[in-house]
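Try each task yourself, then read the worked solution.

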Amino acid sequence: MDQTKIDVLRALPVPGFDHLIEGQPVPASDGGRMEIISPIDGRVLTTTAKGTVADMNAAIASARGAFEDGRWSGQPPAARKKVLLKWADLIESHALELAVLGVRDNGTEIGMAFKAEPGSAAGTIRYYAEALDKIYGEIAPTPGNILGMIHKEPVGVVGAIIPWNFPLMIGAWKLGPALAMGNSVVLKPSETGSLALMRMAELALEAGLPPGVLNAVTGEGRVVGEAMGLSMDVDVLAFTGSGATGRRLMEYAARSNMKRVYLELGGKSPNIVFADAPDLGEAAKVAASGIFRNAGQVCVAGSRLLVEASIHDDFVAAVAQAAEAMRVGDPLQLETQIGAVNSEAQLNANLGFVETAISEGGGLVTGGGRIFEDTGGYYMEPTIVTGVTRDATLAQKEVFGPVLAVTPFESEEEAISLANATVYGLAGAAWTANLSRAHRMVRAVRTGVMHINTYGGADGTVPLGGVGQSGNGSDKSLHAIDKYVNLKTAWIKL
Ligand code: TXE
């Protein structure tokens, strides 16, 4: 990556986006537009269509029509594979354009955005493209006069509701397996992170995806997202976002056609450091990056640091030192390590959490405030609060900002009990050189992902999904394909 190229791209005006329906840009049925504010400077960057219920229904009808006439679902696997591979190539050849557009919209530091957004999205699309002609049905072990076959059929129309923190990466986690298996998809990007995803959808058409197979509707969650949730013609909803919205989606499904609902809802992930960790210096640095990258706006962020009491003070000092050394600032500068908070609302919520933590007895070690307010952008210092008790708000609620809660523990049993003391269960880590303890921690901590002596970075070969109120159903790996197929039994008497 080259700063000059980034500077050229950031100076370009951003065109407005309409919906993408039946392969065409389509304005809102009532002409409504939504202002997109850049978190870099708080200014209006561009506008997108502000969708209506009618717009969402038109997009779903188009996806349904495309599915039923077989223009994609009926193509041979090799043909679908070719288109998806071409799409992955196009995402890669437009990577910097997509990354800069995305950062101007959502504020993620460019170093991370470049890798985690177009980089990861292209890899994911390619992974499922390559997998799609290697997935077989099954023959059941039946008596000789019967043939029992299990077919994997596409579900039909998939509704994908995407958040703002990593729209391309998370979007591709849903789009890759859904499209690979022959489904049609309607995308609903976030109000505060839609632009790069809309551009990525345009590239799918350029790659040869037939019109109507992938439609995208921008607008408010409570309007177009709700219309998608209540639709009688969407078969599966795939969602990443807040628990509150996840609950609504389940309710919409119950009130409409009982569509399957897959939820990825974030967490309060424990990063557990034992005194026998192989390298406490490394553990401190990774603890800092594990919560502060993308300003803490990462679903698996290690937002609770549980530290063995005997090393607590020194270890917290080392994490604070690592945090203070991280460069906060303009996310389009290559040296920036922590970019902007996504929106003013998120920033204010983060600051509110810090205030509450202190009022509940927490000690502020570093950070705690808004910075660079004169830029108009939404920047916050990496923040560490110690003495966070088991039931404190900061131990229980997802902040989704650069705020680390620290709690000491005396024994392995206490560490496990603290780790499991929330309604969430998305990710976690344990740092220890004791092999038996490492395996005990993997089994005992109730999460979808457990890291040992590292934090984050699990690639597309392994599933990511939560337990408890972190959700259900995994993104990534071949297991994600199950969400987008129906099993059909053929029971044949010979
Ligand atoms: O989430 P929302 P927000 C968590 C995180 C964050 C909080 C709020 O804790 O602080 O959620 O973020 C769409 N029907 N995560 O407000 O509202 C919305 O338009 C249908 C964790 O952004 O859940 C957007 O596209 N859809 C997370 C998407 O839901 C609706 C990532 C997510 O927005 C809707 C993001 C409705 N009624 C937030 N209301 C993670 N797990 O990584 C909203 N939406």
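**Exercise 1: The second largest pocket**

The second largest pocket has a volume of about 690 Å³. The model is predicted: local features need pLDDT of at least 70, side-chain atom pairs count only at pLDDT 80 or more, and totals for chains, interfaces and linings use all residues. Residues are numbered from 1 along each chain as its sequence is written, and side-chain values use heavy atoms, with hydrogens and water left out.

*Task:* Work out what lines the second largest pocket and where it lies.

*Solution:* 

1. On a 1 Å grid over the protein atoms alone, a pocket is an open set of points with protein on both sides within 12 Å along at least five of seven lines, while a cavity is a set where a 1.4 Å probe fits but cannot get out; lining residues have an atom within 4 Å of a point. Points are joined across faces, edges and corners, and a volume is the space filled by probe spheres set on them.
2. Look at the lining. It has 28 residues, and M112, A116, M169, R293 and G457 lie nearest the centre of the pocket.
3. Pick out the elements. α5 (110-131), α6 (167-180) and β20 (449-452) each give two or more residues to this lining, and α5 gives the most, with 6. Helices (H or I, at least four residues) and strands (E, at least two) are DSSP runs, numbered from the N terminus.
4. Sort by class. You get 13 nonpolar, 10 polar and 5 charged residues. Here Ala, Val, Leu, Ile, Met, Phe, Trp, Tyr, Cys and Pro count as nonpolar, Asp, Glu, Lys and Arg as charged, and the others, Gly among them, as polar.
5. Domain 1 (3-265 + 471-491) and domain 2 (270-459) both give residues to the lining, so the second largest pocket lies between them. The domain bounds come from an automatic or database domain assignment.

**Exercise 2: The largest pocket**

*Task:* Find which residues are closest to the centre of the largest pocket, and which element gives the most to its lining.

*Solution:* 

1. Start with the volume: the largest pocket holds about 1,100 Å³ of space.
2. Go to the centre. Out of 49 lining residues, F239, G241, S242, G243 and T245 are the closest to it.
3. Check the elements. Among those supplying at least two residues are α8 (221-230), β10 (236-240) and α9 (243-255). The biggest share comes from α9, with 9 residues.
4. Count the classes: 20 nonpolar, 20 polar and 9 charged residues.
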